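Reader: I'm new to this one. Can you walk me through it?
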Amino acid sequence: MRGKRLSIGLRAALAIFTVALLVTSTWAATPWYEKVLHSFGNGTDGAGSSAGLIFDAAGNLYGTTTGGGAYSAGTVFELTPTAGGGWTETVLHSFNKNGTDGANPEAGLIFDAAGNLYGTTYGGGTYTSCNAGSTTSCGTVFELTPTAGGGWTETV
């Protein structure tokens, strides 16, 4: 009787080991592919994206670029999935370096419950000389609010 119990326990352990081995070898053989969703062209679409991305409830991605845009000072962008599996980029805001607007966002974005986007910029803003002997601006915290017509309004 004792030998029969050991035999059943040994069989169960062997079956579990076999299943684990099959699952592990199947997982290891699964190919992983990278898919480029958008390539920045160092033009009006932005350049130098170094921060993370966030999703909205509809599956759109949002992020920032440190350069490029209409004024070469960075952008906030949205990537929208298309029916064929691709993505379409829309620039929501181009930073201007005009003395009050931010410039060169290097961090990611966050949403609030109302759908507004918030982020920070490395440069721009109204204050200068944040580093001794420097004439660079000190950066901003900004909010982008969606408008009724489909655009976005920036508030520093």
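Author: We'll take the sheet, then one threonine.
Author: This is a predicted model, where local features need pLDDT of at least 70, side-chain atom pairs count only at pLDDT 80 or more, and totals for chains, interfaces and linings use all residues. Residues are numbered from 1 along each chain as its sequence is written, and side-chain values use heavy atoms, leaving out hydrogens and water.

Reader: What's the strand order in the open sheet of four strands?
Author: The order is β1-β2-β3-β4, with antiparallel pairing. Strands are DSSP runs of E, at least two residues, numbered from the N terminus. Two strands pair if DSSP finds at least two bridges between them.

Reader: Which strands stand at the edges?
Author: β1 (54–55) and β4. Each has a single partner strand, so one side of each lacks a neighbour in the sheet.

Reader: How many bridges join β1 to β2?
Author: Two. Ile54 has Tyr62 in β2 as its bridge partner.

Reader: And how many for β3 and β4?
Author: Seven, linking residues 75–81 with 87–94. Phe77 is bridged to Val91 in β4. The two strands form a hairpin with five residues between them. Gly85 in that turn has a positive phi of about 95 degrees.

Reader: New topic. Is Thr121 buried or exposed?
Author: Buried, because its relative accessibility is 8%. The cut-offs are under 20% relative accessible area for buried, over 50% for exposed, and partly exposed in between (1.4 Å probe, protein chains only).

Reader: Where is Thr121 found?
Author: In strand β7, residues 117–121.

Reader: What lies 2.8 Å from a polar atom of the Thr121 side chain?
Author: The backbone oxygen of Gly123.

Terms used
A polar contact is a pair of N or O atoms within 3.5 Å; within protein, one must be able to donate a hydrogen and the other to accept it, and residues adjacent in sequence count only if both atoms are side-chain atoms.
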